[in-house]
Structures are given as C-alpha cells and as structure tokens.
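The following note comments on a predicted model.

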Amino acid sequence: MGFSPVPSPISASWYRSCELTSVRYESGSVVIDLQDEDGRRWRLTFTRTQASRVTTEECAVETIAQLPKSGGLFATDESEWLDRLGKGQVHFLEKSRHFVLPCYDEVVEVVALDFSVEVPHDG
C-alpha cells in the first residue's frame with residue numbers, strides 16, 4: 001500500500017511543512033485548521049467520516065514512511081486501517097478513502113467519503 005498526493009492548494013514541500021491549529025468533530029464531519037509553509041490558513045472538512053485519529057509525529061513513523069517526500073495531503077483506497085474497519089464487509093467503506101495530513105508535530109488521519117479545502121472565514 002502507498003499513499004498518493006491529493007491535489008489541493010496547500011503548500012508543503014516536505015511532510016512537516018504544515019502547522020496544525022485545530023481538529024474538531026462537528027455534526028459527523030472532521031474539521032481541520034492548519035497553516036501551510038507559505039503562512040496561508042486552510043480549513044479541511046472531511047464529510048461522511050467513519051474514523052479519525054491524531055498521532056504525534058514521533059509515533060507515526062510507519063505511516064510517514066509510506067508518504068511521498070512532499071505534499072500536504074495524501075490518500076489511499078487500500079490500507080490496513082480500512083481493512084480493520086471492515087472494508088469488504090461494510091458496504092459504504094468501498095468508496096471511502098484513508099486520508100493522511102502530516103503536520104509538524106502531528107499526523108492526522110481520517111477515513112471518509114468526501115472532503116473539501118477552503119480558506120476559513122473566521123479569521
């Protein structure tokens with residue numbers, strides 16, 4: 001399994017380029033605020049989520065090893081985590097993706113069907 005970059009406007013020349021400012025769960029969505037290496041703020045909203053986790057960078061070595069060397073957001077359709085969640089037995093997981101957002105001190109992972117990236121309106 002490997003992760004591929006997901007096209008987004010987030011500027012990240014290496015996996016620790018972004019600074020995580022918040023992660024929250026709102027009405028079934030995982031909402032992530034971050035600042036990229038150019039100082040721009042972004043809000044990522046993952047909808048129709050099945051799972052999420054935040055791991056310190058030091059403890060996410062196995063996940064980081066699977067990522068390309070540059071980029072701000074990565075995804076795969078096949079992962080051990082998706083398998084453990086029931087892919088192949090739970091019908092809606094067939095279209096879900098395992099997203100990885102590496103930040104300076106944390107690695108955020110989300111299993112979801114959809115996501116969006118926008119400039120936050122609250123600041």
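1. Two rings of Phe, Tyr or Trp, the six-membered ring being used for Trp, are taken as a pair if their centres lie within 6.5 Å. By this rule the predicted model contains four aromatic pairs. One of them joins Trp-14 and Tyr-15 in an edge-to-face arrangement, with 5.6 Å centre to centre and 70 degrees between the planes. Trp-14 is partly exposed, at a relative accessible area of 39%; Tyr-15 is likewise partly exposed, at 22%.

2. Phe-46 and Phe-99 also form an aromatic pair, here tilted, with 5.1 Å centre to centre and 55 degrees between the planes. Because Phe-46 belongs to strand S4 and Phe-99 to strand S6, the pair ties together parts that are 53 residues apart in sequence. Both Phe-46 and Phe-99 are buried. Together with Phe-115, Phe-46 and Phe-99 make up one aromatic cluster.

3. Which residues is Leu-101 in contact with, leaving aside its neighbours within four places in sequence? The contacts of Leu-101 are Ile-32, Leu-34, Leu-44, Gly-72, Leu-73, Glu-106, Val-107 and Val-108.

4. The strands may be described next. Seven strands form an open sheet in the order S1-S5-S6-S7-S4-S3-S2, with antiparallel pairing. Strand S1 (4-5) and strand S2 (19-26) are the edge strands, each pairing on one side only. S6 and S7 run antiparallel and are joined by six bridges.

5. Two arginine residues are placed over aromatic rings. The charged end of Arg-16 sits over the ring of Tyr-104, 3.9 Å from its centre. Arg-53 lies over the face of Trp-81, at 3.9 Å from the ring centre.

Technical notes
Residues numbered from 1 in each chain as written. Predicted model: local features only at pLDDT ≥ 70, side-chain atom pairs only at ≥ 80, totals over all residues. Heavy atoms only, no water. Contact = heavy atoms within 4.5 Å. Phe/Tyr/Trp six-rings, centres within 6.5 Å; stacked < 30°, edge-to-face > 60°. Buried < 20%, exposed > 50% of the residue type's maximum accessible area, 1.4 Å probe, protein only. Helix = DSSP H or I, 4+ residues; strand = E, 2+ residues; numbered from the N terminus. Lys NZ or Arg CZ within 6 Å of the ring centre and 35° of its normal. Pairing = 2+ DSSP bridges.
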